[in-house]
Amino acid sequence: MPDEKPNKYEALPIPTYEEAINGGSSRTSTPRNNGTDRNEAAHPAEREGLLGGGLDPGRIPVPTRRAGYRPPLTEEELSTNGDGDDGEHDTFLGQNGDGRRRRDSESSEDEEVRREIEEMEISEPGSTSQTTWGKRISSLSQSLSSLNLPFRWRWKPRLPEGMSIRLRWPSIDANFCIVLGRCFAILLVMALVYLVFMSDVFAGAARGMVGQMFDPESVRRHVQNIADAHKIGEYLRVVTENDHLAGTEGDYVLAQRVKRFFAEQGLEHVEVDEYGVYLNYPKDGGRKVEILNGDGSVKWSAKIDEDLVYADPPKPQTPVFHGHSKSGDVTGPVIYANYGSREDYKSLYDSGIDTTGAIALVRYGGSQGDRALKVKAAELAGFAGCIIYSDPAEDGFVKGEVAPKGRFMPEDGVQRGAVSLMSWVVGDVLTPGFASKKGAKRNSKENNPGLVNIPSLPLSWGDAQNLLQAIQGVGQRCPEEWTGGIPNLEYWSGNLSSPRVRLLNDQDDVDEQPIWNVMGRITGVEQKEKAVIVGNHRDAWVYGATDPGSGTAVMMEVVRIFGDLMQNGWRPLRTIVFASWDGEEYNLIGSTEYVENNIDALRRDAYAYLNVDVAVGGQSFRAAGSPIFRKSLLRALDRTSDPFQNKTMRELWDERGAQLDGLGAGSDYVAFQDIAGTSSLDFGFEGPPYPYHSAYDNFEWMASVGDPGFEYHKVLAQIWALLILEFADRLVLPFDISAYSQSLTQWAIELENWAGSKGANQDGNTPWSTEPLREAVLQFAQDAKTFEQWEMEWDSVVLGGGGYESAIIAAHRKSHNNRMANFETHLLDLEEGGGIPNRTQFKHVVFGPQLWSGYDEAFFPAIRDAVEAGDWDLAKKQVEKTADIIKRASRKLVGNA
């Protein structure tokens, strides 16, 4: 078998002393590389020196350089030291012979060592001294060359005779190399960091920076399971302990309690956001309604205030009055005007009844639901004052059992409320358009577009009975549709010959009364600048168990639920802001001032506003808001059930044929939707009337009549918490763009039909068409389909890929969410002087209160105002402007603007 290792090393036998001396051997030498032979010194003395010959038997070897390697002697040295091998051999061994003496001084030995070191440094003639770096390279080369490989490289390049190449290591400055190495290291680290993040190693780990990862479904189950009806009842007991009208001591104490509660539940940045706003309060003895005798003496005087609900022990109880009412003392004949709508006043005028200088007596409800517009219409009809009462035909014994054992208003019950014109000016009427902070410029209360100019007071139907009895047989007998439910009388209109009535309304007006919003938040981990805002107003006319106490108690439970999640390490993707508004009952003041104070941030970063005013006023769930909420709302209703029926809330919703209603001007969503352009949703349980804005709306009534056991409060807490999770913690915002498109199409058709009934295109009127609006909603319908296609692709890639989302896809998702949320903001008319003409505070071209609709929903308010006024030129311009804004918003949605 052939040798597998042809280059195997064969050890040479150790030569004997005689062989070493004679320089000969009988053994065959090891084959050598021919290429090296010609470079080796062939002199016998040199070879003998390399062998390291035997020592003098009488000496002990000493490990000195003299007994080790010596460089071969040159020919000159050989000739000088003598002939033959013996001379070299003796000198190398350091033996003293006659011609072979040791070097005779230590200085010559030192010189020899120095020479050897210089030779070992491989210095080259004519070159600069080699650097440390170069020496290290040389050492590395020598180390590599000394490696024992399983083969031997035999080939070496040969140059033609007469040519030679001298290879040199380049001379490199060490500092330059260090700097170069450090730069390379920095680039390498940056490349590694880039690769780590682009490979999405940290995708989905954002929550891990502050807490654990949670399965979204388990979170939803958790918030439903821990909602506690008993705790909600206890919260409501605290909230309704005292009356807490905006700006009063009771309101401040409750604000501090809510602030402390927010902090205890772990909310961040808990603070009181204070504003100084215009409020009014009744003076002692400053409210009177009196029937006068012919000589001016008092024939009858109204009781005005309700009986004390808490007599043992007594509790303070807010007096009966109208917020933002005009102070005054007026006297005139009383005239009954049904519901106090413009149509009702026109009916009196058409029937020949002069109303100039009279006192209007009108009832709540009817075609004009906004009490402020009842008073304003009376003012425009020439009345000197206005009295509003609750008729039992709409809210009293005619409908059912009255409070405190039933739902309806008792004989002495009075509905308080504000008469500021919130559909004309919202928020603090002295600072429309900017926040009422200290030092803000304030408008005058006189001739203020947000205030009425005649005094008014609310009364019970028990007091109103005396006034109606006083005008029986005067004026005209009222038709059936004007007849109410007060017993023992016939309804007559009265006229200027009616008994004279004095109306005194003396108020304390405070231009800069402090109010206190309470704010707290949970910071998001993926987009902490983006926010879902959750709000309920805290102030009440008296104790406010239903309005707004039920909403306040439910919000406190929702805060507790999310505080529990935080304690377990959960955090949302986006920030959740909780707000307890103040001053809502006057003119939506607290929320509006907050919006005006943060308008740019809200338009940029607010994703949604979820509002609850009356949480539980009955057992039928209702919701109003932007159509964009339809999909998420139905998801929440699918997951919750009626506490007393074996059906889900979604099943009951569908059975009633319920729909997501439009927004009017009834609660704190107004500033968010109509001014900031933040998509807003308002929801709760409704039912038959309850003792609205009266002292009978207290804890005992809610616990025994309104919602015994607080079970519907619990269901609403579940729905509210689920909706918060929908918008704060879903990767893709669940906004329903298709639903918005469908609604806009429907509303455009309804607008055209409504305008036709108002005289559009009749002889003499400017030709008018909604064609530009139809084109805009058609374009939006097409763009909506294109936009929602991306979400289906995301579902396929991410959800279909086991939940993995790369950084690039995540960036696209965030952009998708931003464009979806910004669509509502892009529907604002933000050009200089933009907004609804003469009510430019309201900027949204689709949503906004109609001039005379008050609480009612209204779509395309600027167009409707112009049509109502018969200004068809303006109506045409508003159609074109609205269409342009919708088209622009649609293009931005799909990234074409």
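Buried means under 20% relative accessible area, exposed means over 50%, and partly exposed is in between, using a 1.4 Å probe and protein chains only. Keep that handy for this tour.

What you have open is a predicted model, where local features need pLDDT of at least 70, side-chain atom pairs count only at pLDDT 80 or more, and totals for chains, interfaces and linings use all residues. Residues are numbered from 1 along each chain as its sequence is written, and side-chain values use heavy atoms, leaving out hydrogens and water.

**Stop 1**

Select Cys478: with a relative accessible area of 10%, Cys478 is buried. Now jump to Cys386, which is buried too, at 0%. How many disulfides does a search of the whole structure find? Zero, where a disulfide is a pair of cysteine sulfur atoms within 2.5 Å.

**Stop 2: a glycine in a loop**

Go to Gly266, in the loop between α11 (249-264) and β1 (268-292). These labels come from DSSP runs numbered from the N terminus: helices are H or I with at least four residues, and strands are E with at least two. Is Gly266 buried or partly exposed? Gly266 counts as partly exposed, because its relative accessibility is 34%.

**Stop 3: helix α28**

Next, select 861-868, which is α28. Seven of its eight residues are buried: Pro861, Ala862, Ile863, Arg864, Asp865, Ala866 and Val867. Just after α28, click on Gly870, which takes a positive phi of about 75 degrees.

**Stop 4: the largest cavity**

A cavity here is a set of points, on a 1 Å grid over the protein atoms alone, where a 1.4 Å probe fits but cannot get out; lining residues have an atom within 4 Å of a point. The count comes to four cavities of 30 Å³ or more. The largest holds about 70 Å³ of space, with grid points joined across faces, edges and corners and the volume being the space filled by probe spheres set on the points.

To see its lining, select Asp829, Gly835, Ile836, Phe842, Lys843, His844, Val845, Pro861, Ala862, Gln878, Lys881 and Thr882. Which elements give two or more residues to this lining? They are α28 and α29 (872-893), and α29 provides the largest share, three residues.

Key: On a 1 Å grid over the protein atoms alone, a cavity is a set of points where a 1.4 Å probe fits but cannot get out, and a pocket is an open set with protein on both sides within 12 Å along at least five of seven lines; lining residues have an atom within 4 Å of a point.
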